[in-house]
Amino acid sequence: MSQFTLLVVEDEEAIRSMLSIVLQQHNFTILEAASVAEAKVILADTLPDLILLDWMLPNITGDEWTRQLKSDETYRDIPIILLTAKGEENDKIRGLDLGADDYVTKPFSPKELVSRIKAVLRRSGKIHDLTQIKYQDISLNTEQHSVNINGTEIDISPTEFRLLKFFLTHPNKVYNRSQLLDQVWGQSAYIEERTVDVHIRRLRKILASSQRESWLQTVRGFGYRFSEKQL
Ligand code: CA
């Protein structure tokens, strides 16, 4: 399972599938949308780590949607990279003014695109390195599949690892069981919601070995959140 999920919004199918193939080769999980309407359906279920947004879309332009996303509390933290055509200098400036994080001009080399994506992901917050995720004194290495708390390496199974990885990259926010299922197990997984509780309990037990269990909090009636601050 890849560490980062990217939403590609592009109406031209050839470009969309090219992007999808290239980015999957670089270990990103790709969600594809041919329109803003399709993208909205995906966003209702899944919060991607980054949106690659074509500037020229039918019905609603990239700038209009960028403005909507950046004024919506749920989505404003998702970095946006605009895909623009050559020579649309004004569009680029406008896009950046509206809150887009970067732009890439078509035609672009896959190598350039991937390095722009990585740079934006790094700038966007907790990610210091693509293989190293940190939250306070907890660090997780996605290549070695290891977790270190306050200098001590801890034993962790694959599902709890993915769950912890999600929480470390999305701290201080409440997620319900269904959101956690989508984000950690994937939308196609056929798993009951109470399975989430089982893995939360296991992860809490793992965290307890380093006195960090209180960071994995139950928010009654809503779900779970991960935070060093108590509610
Ligand atoms: Ca287009």
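The tour goes from the sheet to the helices, then to the metal site and the nonpolar cores.

This is a predicted model, in which local features need pLDDT of at least 70 and side-chain atom pairs count only at pLDDT 80 or more, while totals for chains, interfaces and linings use all residues. Residues are numbered from 1 along each chain as its sequence is written, and side-chain values use heavy atoms, with hydrogens and water left out.

Begin by selecting the strands (DSSP runs of E, at least two residues, numbered from the N terminus, as are helices, which are runs of H or I of at least four). Five of them form an open sheet in the order β2-β1-β3-β4-β5, with parallel pairing, where two strands pair if DSSP finds at least two bridges between them. β2 (29-33) and β5 (102-106) stand at the edges with a single partner strand each, so one side of each has no neighbour in the sheet. From one strand to the next the twist averages 20°.

Now zoom in on β3 and strand β4 (residues 80-85), which pair in the parallel sense over four bridges; here isoleucine 51 stands opposite isoleucine 80 in β4.

Next, show helix α5 (residues 110-123), which lies across β1, β3, β4 and β5 and runs at about 170° to β5. Such angles run from 0 to 180 degrees between N-to-C directions, with axes as lines fitted to C-alpha atoms, for helices over the stretch in contact, and contact means heavy atoms within 4.5 Å.

Then select the calcium ion, which is coordinated by Asp11 (OD), Asp54 (OD) and Met56 (O) at 2.1 to 2.4 Å. Aspartate 11 lies in the loop between β1 (5-9) and α1 (13-25) and aspartate 54 in strand β3 (residues 50-54), so the pair ties together parts that are 43 residues apart in sequence. Donors are N, O and S atoms within 2.8 Å of the metal (3.2 Å for Na, K and Ca), and sites may look incomplete because water is not among the atoms.

Finally, select Trp65, Leu164, Phe167 and Phe226, the residues with the most contacts inside the largest nonpolar core, which has 49 residues. Helix α6 (residues 158-169) gives the most to this core, with six residues. A nonpolar core is a set of buried Ala, Val, Leu, Ile, Met, Phe, Trp, Tyr and Cys residues joined through side-chain atoms within 4.5 Å.

Terms used
Buried means under 20% relative accessible area, exposed over 50%, partly exposed in between (1.4 Å probe, protein chains only).
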